[in-house]
Amino acid sequence: MSTAVLVAAVVGGGVLLLMRRLFPVQKAAKLLRFPAGTMRGKTVIVTGANSGIGKALAGELLKLQARVVMACRDRRSAEEAAKDLKKAAGPEQGEVVIKHLDLASLRSVRRFCEEIQQEESKIDVLINNAGIYQCPYMKTEDGFEMQLGVNHLGHFLLTHLLLDRLKASAPSRIVVVSSKLYKYGQINFDDLNSESNYNKSFCYSQSKLANLLFTLELARQLDGTGVTVNALTPGIVRTKLGRHVQIPFLAKPLFYLASLVFFKSPLEGAQTPLYLACSPEVQGVTGKCFANCKEEELLAKATDDRAAKKLWDVSRRMVGLAD
């Protein structure tokens, strides 16, 4: 028994030490406080709003009396999340609208945008939050590698199809959720769909770098329209995003305990997108990336104008916006 306890202690200590090396303890995020009614009369679309950062963000926007369009693939999950959010938001709250959106299907994206055009007279904020992380090799309905398809191309088309409504609603904002893991990616223009070689970590990083390059080029294209676009890296957050990551069964309890210490809560992770959606401090700011509600300096590959324009042109062709 004593040997088993000793082994468990050594292994557990090693795991915790490794976690501390990989994920330095993050300072508790300061929760933002905006005046009641800050978002009254404003319509905000949040993709992936049924769980994780998206759900926490939708809840905060609801408390600020926004009309929140929850754009989700799983309608049942979205309905359950909406019940939770409305119950927690208190008597003075905004509205919740649930819409089906599958970013792995360009047909679904187009249908969603058609419905929004018909039903919403304006869009004040579009938050591209939904994502998939390190999944096994799969393709979207349209034949794209899944992480690139959902994290970049689906949102790319979504944003384009809503641009006219965003411009008509100016001043309006677009918020793009990226990740610090962009640092480990490159845009492989020779094989964007990773058909010759698939590395799930690289493909996630590639998609998050694509988010930043998209933000860069979109900001340039929207100059003077009154529509701003900014990206953010939320940090390491306890969400279901990592559901495809395989963790040994015996290590799961230790990993869970370590996540409580080293990871942000979904509410903490939602603070920067909330800041970019609501704060007057970033009115007129565009083409930037933020972390912990402050502007973040990016690596050169994320500020490469030529790569951003090339990716823009390639993406337009891939989603059917250009021949």
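This is a predicted model: local features need pLDDT of at least 70, side-chain atom pairs count only at pLDDT 80 or more; totals for chains, interfaces and linings use all residues.

Reader: Which residue does the side chain of Lys309 meet in a salt bridge?
Author: That would be Asp313, with 2.9 Å from N to O. Both residues sit in helix α10, four residues apart, which is about one turn of the helix. Asp313 is at 27% relative accessibility, so it counts as partly exposed.

Reader: How many salt bridges turn up in the whole structure?
Author: A search finds 15. One of them pairs Glu95 with Arg67, where the closest N and O atoms are 3.0 Å apart. Glu95 is in strand β3 and Arg67 is in strand β2, so this pair ties together parts that are 28 residues apart in sequence.

Reader: What network are those two linked in?
Author: A network of salt bridges that links Arg67, Glu95 and Glu120.

Reader: Back to α10. How do α5 and α10 pack, at what angle?
Author: At about 85°, with the axes 10 Å apart. The two helices are therefore roughly perpendicular to each other.

Reader: And which residues meet there?
Author: From α5 you get Leu148, His152, Leu153, Phe156 and His160, and from α10 there are Leu311, Trp312, Ser315, Arg316 and Met318. The residues of this contact divide into six nonpolar, three polar and one charged.

Reader: New spot: where is Leu192?
Author: In the loop between β5 and α6. Leu192 has 9% relative accessibility, so it counts as buried.

Reader: What does Leu192 touch, leaving out residues up to four places away in sequence?
Author: Leu148, Ile187, Gln206, Val314 and Met318. Leu148 and Met318 also take part where α5 and α10 meet.

Reader: How far is Leu192 from Phe144, in sequence and in space?
Author: They are 48 residues apart in sequence, but 8.4 Å apart in space, going C-alpha to C-alpha.

Reader: Last one, Thr47: buried or exposed?
Author: Thr47 counts as buried, because its relative accessibility is 0%. You'll find Thr47 in strand β1.

Reader: What lies 2.8 Å from a polar atom of its side chain, I mean the side chain of Thr47?
Author: The backbone nitrogen of Asn129. Thr47 also touches residues including Ala71, Leu101, His155 and Leu158.

Methods: Residues are numbered from 1 along each chain as its sequence is written. Side-chain values use heavy atoms; hydrogens and water are left out. Axes are lines fitted to C-alpha atoms, for helices over the stretch in contact, and angles run from 0 to 180 degrees between N-to-C directions. Angles under 35 degrees count as roughly parallel, over 145 as roughly antiparallel, 65 to 115 as roughly perpendicular and the rest as oblique. Contact means heavy atoms within 4.5 Å. Ala, Val, Leu, Ile, Met, Phe, Trp, Tyr, Cys and Pro count as nonpolar, Asp, Glu, Lys and Arg as charged, and the others, Gly among them, as polar. Buried means under 20% relative accessible area, exposed over 50%, partly exposed in between (1.4 Å probe, protein chains only). A polar contact is a pair of N or O atoms within 3.5 Å; within protein, one must be able to donate a hydrogen and the other to accept it, and residues adjacent in sequence count only if both atoms are side-chain atoms. A salt bridge is a side-chain nitrogen of Lys or Arg within 4 Å of a carboxyl oxygen of Asp or Glu.
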